[in-house]
Amino acid sequence: MTSAVFVLVAAAIFGLGVHGLLVSAHIMRKLLALNLMLSALFLLLIVVPATIDGRPDPVPQALVLTGIVIAVSTTAFALALMVRLFRKQGHASIHPDIDPRLLGRKAPSKANKTAQGDDR
Amino acid sequence: MTPAAQLLIGLVFVPLSTALVAVLLPPRRRRWAVVLGGLAWPCLLVPLSMAVAREQSVVMVFGGWAPPLGIGWRLDALGLVVLWVHALAGIAALPSAWRRFDPDLPESGPFWSLWMILATGVNLALLAADLFNLYVALELTTLAAVALIATDDGIAALAAAMRYLLLAVLGSLMYVLGVGLVYAQTGSLAMHQPGIEALNNVALVLMLTGLMVKAAIFPLHVWLPHAYSNAPGPVAAIMAAVVGKAALVAFWRIWFETAEAPPAQLADFLGLIGAAALVYGAIAAYLQPRLKMVIAYSSISHFGFLLLLLPLASQQAFQGAGFHLLAHGLAKAAMFLAAANIVVVLGSDSIRHLPGLDKRMPLEAFTLALAGVTLIGLPPSGGFTGKWMLLSAAWETGGWFWLVLIVLSGLMSAAYVFRILALTCFHPARRAVHHLHPRPPKITSLAALTLALLAVVIGLYPHPVLDLLGAGMPGMVR
Amino acid sequence: MISPWTTQILPPAVVLVSTLAAIVIFVAGEARQRLRIWVNLTAALLKLLLVVWIGLEVLAGTTFMFRFELLPGLELILHADALSILFASLSAVLWLVTTVYAIAYLEHSPNRARFFGFFSLCVSATMGIAMAGNLLTLFLFYELLTLTTWPLVVHNGTPEALAAGRSYLRYTLTGGVVLLTALVWLYGLAGNAVFTPGGFLAPLAAAHGDALTLIFVMLVAGFGVKAGLIPLHGWLPKAMVAPAPVSALLHAVAVVKAGAFGIIRTVEDVYGLELVAELGMRLPLITVASWTIVIGSLLALREHHLKRRLAYSTVSQVSYIVLGIAVGGLLATSGGMVHLVHQGLMKITLFFCAGIFGLLLGVKRIDQLDGLGRRMPWVSGAFTVAALGMIGLPPLVGFISKWYLASGALAAGMPLVLAVLITSALLNAAYFLPLVRRLWLNPPGTLVEAPIEIGRLPRLALMSSAVATAALVVVLGVLAAHPLSPLNWVVKIAQGYAP
């Protein structure tokens, strides 16, 4: 069955995404990994509930379209957030004790590292 | 469409249109528009409450297309209760937001519209009658919440927002996968799936796990403490009051309605996770050095507590849990609003600066005390009512383990609440805080105090809410 | 004749008088001292008048009942039966006296608004306990009592006070948790049940005997924490770091008596002594009370800190009440219940005097009591009277309670209980007589701190409080046969329980 191939491919892509998410420190890489996982998910959603009476079932396709839209806007927003975070702290990672040299940057100054959020 | 159903539209479209209008307006008018919108949509709750009391639910279907193809909205008792929490917390947070997001500050630009978009998302999530609508609503809520946290613009807030976003996307992934599997099994996306013997367990677990991430249930809670404690005050209040709760409501709905007969072992397992969350949150709250972190971990503890509904699963337990949602939402919002004012005046929320608070900011100290009383569940507060109903339910089903756990939960909450109270009111002011910033307007303190008072007072007159919940347990209502 | 509406409104009114006073005190702030004094005294007088009014009506046979549905199937009930009036009148009278004492004692202390605010709330909670008509209401006000007394214990803000507060919370909140569990279980078994003389659980005994036994243990344990039953008494000596008015209130009226009152209600109005005996719990209860009496006295002997010795004495004496109830029969029950009043009067006198010695002369330890009889004759006199009463010297009130308890023990055929009582009397003498001797017979020692000067009016207030309660110790003992004495009131109550 061709759908089995698709399912396997989706699973493989998903696995790559999970690996990337867990291993990477850089936010951009995490976002890419998440996008991979989302793509795998959409593939799965198209393939699994595929037909009603031999004709293509429109509902999963509608779901996937919605999902793609949401994924795109979320990614765009996440990129904007990442840029702002990068400008503030000199590296794009959310792990506070990451050594920036791993990301190819110089060590940031202490002044940037405030740990207390305040209201003003 | 009945008139009540038409009002449902207002619940979503009033905040949405306010948000859109606000984007177009100049900064000063923007605040006014959003305040008006934020006061307008709660007015719809009054006739809607009466309608739900009469008919147990108000249903609306778009375009006359019946589900599963069409989109339907449904307001039942549970949704109504959380909507009230949302409305009350939102109104109470307005003075604080007004002061904090003054038009002259750069970050207040996006704040007002985002506030209304968050409201739209939450309301939509509570009204959703099918699984995919819920997904869209939760995504909208998440994005708005992340953006709102990021308005703070400090590194901590931005990092917390980023972490929340990444985890939320992960959660959504799992949820959508679950939805897809449900569709594959039944061919319908409605929340109520008639006629299936048992929902595919994999699908159920996936959906529930995704929702657990969004509701910050231990051990998937890691985004919450930093997000709540680094968010600006009014944002934290609203998030604590409703955002996590919307996901929890979805969790309950899927459990009771979609999976009509979930396996008992899964119920017990989830109950144990709830117990772990309860204990972990309480211990962590006791050890925190910052006030807002204490309150945040307390939320984790109480969300775990609410998960105990699953193994107990009776109407009485549902009434208790629903009532606890109400009381806890109000109390938490009150605490975060008070904490926001404390941060403004003292410059930080470190507990080292708390001694002497009862002299400097008596209203805030009293708010914290009252809200704490509800959290502990001391009679006659709202927290006690919820706790008692759950205890009776546990006794009736013979769940001794759950009964003892619920009873002990009060003790655990008491530990961190009294720690804060002792520090605030009875420690001598050892370290003089060097610079006291100007106080926010009194109405912000009074708003927080009112919420805390409400949380206690509803314990004295719980009947309307309890009756409403009694008739409206998910899985019983169509 | 009293209208039905009044019979409904008076019990909550008694509770709410001091709540309103507390709100006014908190809102008025620290600076408004004269307003605070007026509010305190007026509220105390008003409360006393209301209690007397209700008491007279109860004597005439009127029933008071206020019901409020808290949860479906669960009611808040406030009523006024003879036992309620006993506890309520004790609380009202002693609150008035302690208010006068506290106003004078805290003359130069900070945070008085906070103190008096919580002080008033504490009395509200005590009144609620006194007038509770079912276990749920009792539990509700019991927890409120914990909540309102904690700020009083930690009032001074010192590390010792905060540590004492933590210990207090650990004990009382755990006790509260045990009570809540027992309550849920009991309500599950018996439904919404009202206090009924002789108990209402007898019908369930056949089917649920084991459950009822366990619930009884939990209830007694939960109430026993506040009542200071050994080994649940640990918080009491530590709480002595609180200001003297707090110790006086906590140990004469509010907390310990509330615990004892809870046990009385459980044994008499929930279970009934017969059922307790049937479940095999009567003897254990007598045993626990007995060992508390003896061990408490032994621990008191070891203490050299005055207030802590008095604390252990309280631990010992409050168990007389439990002992009397558990032995049963008209005499013993009367002896136990009347000791509620008598011990309250004697203990409050002792604490008043200890507080005055501490405040004015810096006296904290027993060996500092030497020769104070000459320096402060009135206060030492009051102390002596109360101490002799505790030992059981006729015709003081302490003798009355012990006589009835002893007679009751004999009547119930329990010579061992009599032995416990005699031992306790001897131990009481052992730890009180040396104090009396020091006061009067030892030459004055050197004082650790220079005496503090306070104004004439506060000094008068302090001393008259102590003397007034000491006078009551004498008068109520001498006039015990009078129809309106606490003793006769108690005998009427006991007749209702043990004909």
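A: We may begin with the interface of chains A and B. In this predicted model, 33 residues of chain B are in contact with 33 residues of chain A.

Q: Which elements of chain B give two or more residues to the side that touches chain A?

A: They are α6 (131–150), α7 (155–186), α9 (224–230) and α14 (315–346) of chain B. The most comes from α7(B), with 17 residues. By residue class, this side of chain B divides into 23 nonpolar, six polar and four charged residues.

Q: How many residues of chain B are in contact with chain C?

A: On chain B there are 22 such residues, in contact with 20 residues of chain C. Here α17 (382–396) and α18 (400–426) of chain B each supply at least two residues, and α18(B) gives the most, with nine residues. The side of chain B that touches chain C comprises 17 nonpolar residues, four polar and one charged.

Q: Is B:Ala237 buried or exposed, and why?

A: A residue is buried if 20 or more other C-beta atoms lie within 10 Å of its own. B:Ala237 counts as buried because it has 31 C-beta neighbours inside 10 Å. Its place is in helix α10 (residues 233–258) of chain B.

Q: Which residues is B:Ala237 in contact with, leaving aside its neighbours within four places in sequence?

A: B:Ala237 is in contact with B:Ala89, B:Ala93, B:Ala333, B:Phe336 and B:Leu337.

Definitions and conventions. Residues are numbered from 1 along each chain as its sequence is written. Chains are lettered from A and ligands numbered from 1 in the order in which they are written. This is a predicted model: local features need pLDDT of at least 70, side-chain atom pairs count only at pLDDT 80 or more; totals for chains, interfaces and linings use all residues. Two residues are in contact if their C-beta atoms, placed from the backbone, lie within 7 Å. Helices (H or I, at least four residues) and strands (E, at least two) are DSSP runs, numbered from the N terminus. Ala, Val, Leu, Ile, Met, Phe, Trp, Tyr, Cys and Pro count as nonpolar, Asp, Glu, Lys and Arg as charged, and the others, Gly among them, as polar. A residue is buried if 20 or more other C-beta atoms lie within 10 Å of its own, exposed if 12 or fewer, and partly exposed in between; C-beta atoms are placed from the backbone.
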